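Please look over the structure shown here before reading my comments. I have kept them as numbered points, so that each can be checked on its own.

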Amino acid sequence: GFSAKGLDIDGEMKRLCLLNARNAGVGPRISFENADVRDFDVEKVLPNGGVVICNPPYGERMLDVREAEKLYKDMGRVFVPREDVGYYIITPHEDFEDLFGRKADKRRKLYNGMIKCNLYMYFAKRYK
């Protein structure tokens, strides 16, 4: 089976995510805690490797564009390349890769609601 850990700076998200996990039948497999992505430590969260999936603020509803861009730079700093960890980030920001500091292995266009986004994929095996 799988296990997952959810992290979000917004305390209300914990309640909503746990409710959604229970409704989806996967509640016992998911834990959730309040945390700021700027404090993310891949060694603590994924000591044995795994996948990070992130949908950070875009600078539209939460934060402004400059704050979101700073957050993307901070994510590039804390999402340390490791051969056993993959990173998948959803954002509409066209300069995400430059801000993050690394080119994605692959990009996919998708919509988050009505917002056109890209899924930036950084595969685990890339960092051998």
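The points below go from the basis of the model to its sheet, its core and some single residues.

1. Basis. This is a predicted model, in which local features need pLDDT of at least 70 and side-chain atom pairs count only at pLDDT 80 or more, while totals for chains, interfaces and linings use all residues. Residues are numbered from 1 along each chain as its sequence is written, and side-chain values use heavy atoms, with hydrogens and water left out.

2. The sheet. Helices (H or I, at least four residues) and strands (E, at least two) are DSSP runs, numbered from the N terminus. Four strands form an open sheet in the order 3-4-6-5, with mixed pairing, where two strands pair if DSSP finds at least two bridges between them. At the edges are strand 3 and strand 5 (106-112), each of which pairs on one side only. From one strand to the next the twist averages 20°; axes here are lines fitted to C-alpha atoms, for helices over the stretch in contact, and angles run from 0 to 180 degrees between N-to-C directions.

3. Strands 4 and 6. In general, strands of a sheet pair through backbone hydrogen bonds, either parallel or antiparallel. Strand 4 and strand 6 run antiparallel and are joined by five bridges. You can find Tyr-87 standing opposite Tyr-122 in strand 6.

4. The core. A nonpolar core is a set of buried Ala, Val, Leu, Ile, Met, Phe, Trp, Tyr and Cys residues joined through side-chain atoms within 4.5 Å. The largest one here has 25 residues, and Met-75, Phe-79, Tyr-87, Ile-89, Phe-96 and Tyr-122 have the most contacts inside it. Two or more residues come from each of strand 3 (50-54), helix 3 (65-78), strand 4 (85-91), helix 4 (96-100) and strand 6 (115-122). Leaving aside residues up to four places away in sequence, Phe-96 touches Tyr-72, Met-75, Ile-89, Thr-91, Tyr-120 and Tyr-122, contact meaning heavy atoms within 4.5 Å.

5. Helix 4. Is Asp-98 in this helix buried or exposed? Buried means under 20% relative accessible area, exposed over 50%, and partly exposed in between (1.4 Å probe, protein chains only). Asp-98 counts as exposed because its relative accessibility is 57%. Leu-99, also placed in helix 4, counts as buried because its relative accessibility is 16%. With residues up to four places away in sequence not counted, Leu-99 touches Glu-69, Tyr-72, Lys-73 and His-93.

6. Asp-74 lies in helix 3 and is buried, with a relative accessible area of 10%. Its side chain makes a polar contact with the side chain of Arg-38 (3.0 Å). A polar contact is a pair of N or O atoms within 3.5 Å; within protein, one must be able to donate a hydrogen and the other to accept it, and residues adjacent in sequence count only if both atoms are side-chain atoms. Arg-82, found in the loop between helix 3 and strand 4, counts as buried at 11% relative accessibility, and the side chain of Arg-82 makes a polar contact with that of Glu-43 (3.2 Å).

7. Cysteines. A search of the whole structure finds zero disulfides. Cys-54 is buried, with a relative accessible area of 13%, and Cys-117 counts as buried at 1% relative accessibility.

How values were computed
A disulfide is a pair of cysteine sulfur atoms within 2.5 Å.
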